[in-house]
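Visitor: I'd like to learn how to read the packing and the open space in a model like this one. Could you walk me through it?

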Amino acid sequence: MSLHEVLKTLHITAVIIWIGTMFLAPIVAVRLADERSALQKFRAMSGMLMALSIVAALGFGMATAAFAGWFGQPWVHAKLALAVVLAAIHGVISGQLRRLTTDPAYRPPRWLAWLPAAILVLVVATVFIAVAKPF
């Protein structure tokens with residue numbers, strides 16, 4: 001197995017953990033909004049998973065692109081732009097979880113329930129760009 005294959009495998013694994021946790025977090029936040037202690041436990045576990053996996057996903061992704069010499073390719077810039085949008089959504093989710101667990105009067109906003117659909121669309125677009133390399 002080459003270094004490129006190892007980096008790509010680690011990148012994909014980290015992305016699966018990151019996106020899976022990020023996809024689940026808004027659903028759990030909406031469902032457990034009235035159960036603060038359960039939500040606090042979920043936040044502690046998912047926060048660490050999301051933080052470690054986002055760093056690993058972006059790090060291994062950048063290392064893979066650098067190793068393969070892809071940084072001059074337009075599709076890599078498009079994929080990286082979508083990754084930045086996903087990272088911003090990650091920040092929004094983390095902020096919502098923090099607010100839900102620290103402010104007893106705070107209710108989850110309605111749009112939080114729609115974030116998994118947005119994440120799914122962005123992930124499909126990112127995978128399409130990575131596989132098809134359309135530009």
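This is a predicted model: local features need pLDDT of at least 70, side-chain atom pairs count only at pLDDT 80 or more; totals for chains, interfaces and linings use all residues.

Visitor: Okay, which residues touch the most other members of the largest nonpolar core?

Guide: The general idea is that in soluble globular proteins, nonpolar side chains tend to be buried together. Here the largest nonpolar core has 28 residues, and W18, M22, L86, I93, L97 and I119 touch the most other members. Two or more residues of this core come from each of α1, α2, α3 and α4, with α3 giving the most, eight. Take I93: leaving out residues up to four places away in sequence, I93 touches M22, A25, P26, M50, L115 and I119.

Visitor: And Q96, is that buried or exposed?

Guide: Buried means under 20% relative accessible area, and Q96 comes in at 10%, so Q96 counts as buried. Q96 sits in helix α3 and, again skipping residues up to four places away in sequence, touches Y106, P109, W111 and L112.

Visitor: Now the open space. What lines the largest pocket?

Guide: Rolling a probe the size of a water molecule over the atoms shows where empty space is left. In this model the largest pocket has a volume of about 630 Å³. Its lining has 26 residues, with H11, V15, K79, T126 and A130 lying nearest the centre. By type, the lining splits into 19 nonpolar, four polar and three charged residues.

Visitor: Which helix gives the most to that lining?

Guide: That's α1, with seven residues. α1 (3–31), α2 (36–68), α3 (74–102) and α4 (115–132) each supply at least two.

Technical notes
Residues are numbered from 1 along each chain as its sequence is written. Side-chain values use heavy atoms; hydrogens and water are left out. On a 1 Å grid over the protein atoms alone, a cavity is a set of points where a 1.4 Å probe fits but cannot get out, and a pocket is an open set with protein on both sides within 12 Å along at least five of seven lines; lining residues have an atom within 4 Å of a point. Grid points are joined across faces, edges and corners, and a volume is the space filled by probe spheres set on the points. Helices (H or I, at least four residues) and strands (E, at least two) are DSSP runs, numbered from the N terminus. Ala, Val, Leu, Ile, Met, Phe, Trp, Tyr, Cys and Pro count as nonpolar, Asp, Glu, Lys and Arg as charged, and the others, Gly among them, as polar. A nonpolar core is a set of buried Ala, Val, Leu, Ile, Met, Phe, Trp, Tyr and Cys residues joined through side-chain atoms within 4.5 Å. Buried means under 20% relative accessible area, exposed over 50%, partly exposed in between (1.4 Å probe, protein chains only). Contact means heavy atoms within 4.5 Å.
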